[in-house]
Amino acid sequence: MRILLIGYGWRSLFFFRIIKALPDRFTLVKWVLRTPQRAEEVRRLHQVETSCDVAEALSCPHDLVILSVPSSSMESLLLLLIKHGETVLCETGFTALSLEKLNALYHAYAASTSKVFVAEQYYRYPYYHSCRAIQPLLGPVTEVRVASLHDHHGTSLIRHFLSEQGEPCTISAVCRSSWIVKTGARDTVVCSGERIQTKRTVAVFAFADGRTGYFDFADVQYHSCIRSSHFSLFAERGEIVDNEVRYLNDDNEGIVQTIQRIEDGGSNNNPRSLRAVTFGDAYHFRNPYWPLGFNDDEIAIALCMEDACRGKGYPLHEALQDSYLAQCMHTSCSEGRAIETQPQSWSKAFSPPSLPC
């Protein structure tokens with residue numbers, strides 16, 4: 001699986017680490033950077049072939065282009081790759097684009113021979129994969145609460161677990177600010193006791209079929225040791241709340257069991273690695289990259305990369321719908337009113353089931 005990687009930064013390094021750790025599955029043909037100076041720096045630092053010319057890089061034999069750039073550069077580069085008919089795994093930064101641009105992007109894609117998949121990795125997380133596998137035990141799903149992910153990532157999980165395929169909904173959202181003591185950032189622990197403002201967004205997604213999604217996220221949540229993340233799924237015959245599952249057996253008696261992670265390392269000299277996620281006596285997720293020390297993000301992104309190389313994965317229209325719902329949520333916050341979503345140009349692309357389990 002020969003890969004061109006475009007972009008450099010925190011996210012692109014995830015892709016590079018995965019490629020480097022799985023040489024039997026991936027080969028980095030060329031890494032494309034914005035300037036000659038950055039290209040030379042990356043070449044020396046990582047011992048890889050680099051370029052600052054996208055057209056030159058595309059002339060190299062390859063199977064997949066990974067586009068990992070900021071939102072400000074995403075649209076123009078993606079349109080160029082679509083024009084070339086490339087198979088692309090793209091980052092998720094569409095929420096920053098206007099609705100007009102989202103529709104124009106889809107029209108260009110629909111008229112092309114390109115295949116664009118999106119690195120919306122969270123539904124491939126071992127935990128969420130396992131929840132999806134357990135879901136049939138609970139009967140028809142009625143509600144889901146995502147208090148773990150921001151914006152389009154959160155709306156993606158809401159749609160995924162409610163099996164919503166672009167149907168209209170009513171979104172009512174509020175945003176409130178409060179004080180919190182800062183405890184960290186990416187790769188940093190902060191113990192200064194500094195107080196900062198944080199904003200929490202809470203939203204209700206009421207779908208026409210009667211199912212409901214609840215979104216709840218504070219902007220410090222990813223990097224705070226005093227703000228936790230949660231996930232809940234409610235159905236007619238049971239519920240999942242974080243790792244606890246309650247459901248009715250065949251005799252309609254209540255059963256309580258837990259989702260368990262099996263991890264190696266940590267307390268011995270084995271490599272630290274997730275082996276599997278279990279529920280009862282069943283393995284609902286087996287880590288295909290065990291015993292490599294991938295975290296859950298890296299496991300999920302690697303699965304997205306393998307899917308894209310095989311011509312499947314999270315399609316562009318799904319990601320555009322996620323971003324559209326996130327935009328409507330923010331509009332509801334800023335304007336203080338409920339927002340009724342409308343069908344967009346990509347709505348016709350939905351044909352269930354569109355999200356793999």
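Helices α6 and α7 (residues 151-162) pack with their axes 11 Å apart and at an angle of about 20 degrees, where axes are lines fitted to C-alpha atoms, for helices over the stretch in contact, and angles run from 0 to 180 degrees between N-to-C directions. Helix α6 is therefore roughly parallel to α7, a term applied to angles under 35 degrees. The contact (heavy atoms within 4.5 Å) is made by Tyr128, Cys131 and Arg132 of α6 and by Leu157, His160 and Phe161 of α7. The crossing of α6 past α7 is right-handed, meaning that the near helix is turned clockwise from the far one by less than a right angle.

The model is predicted, with local features requiring pLDDT of at least 70 and side-chain atom pairs counted only at pLDDT 80 or more, whereas totals for chains, interfaces and linings use all residues. Residues are numbered from 1 along each chain as its sequence is written, and side-chain values use heavy atoms, with hydrogens and water left out. Helices (H or I, at least four residues) and strands (E, at least two) are DSSP runs numbered from the N terminus.

Helix α6 (residues 126-134) is largely enclosed by the rest of the structure, because 8 of its 9 residues are buried, that is, under 20% relative accessible area with a 1.4 Å probe and protein chains only. The buried residues of α6 are Pro126, Tyr127, Tyr128, His129, Ser130, Cys131, Arg132 and Ile134. This helix lies across β13, β14, β15 (244-248), β16 (254-264), β17 (273-279) and β18, and runs at about 140 degrees to β18.

An open sheet of mixed pairing is formed by 11 strands in the order β18-β17-β16-β15-β14-β13-β7-β12-β11-β8-β19; strands pair if DSSP finds at least two bridges between them.

Conventions:
Buried < 20%, exposed > 50% of the residue type's maximum accessible area, 1.4 Å probe, protein only. Parallel < 35°, antiparallel > 145°, perpendicular 65-115°, else oblique.
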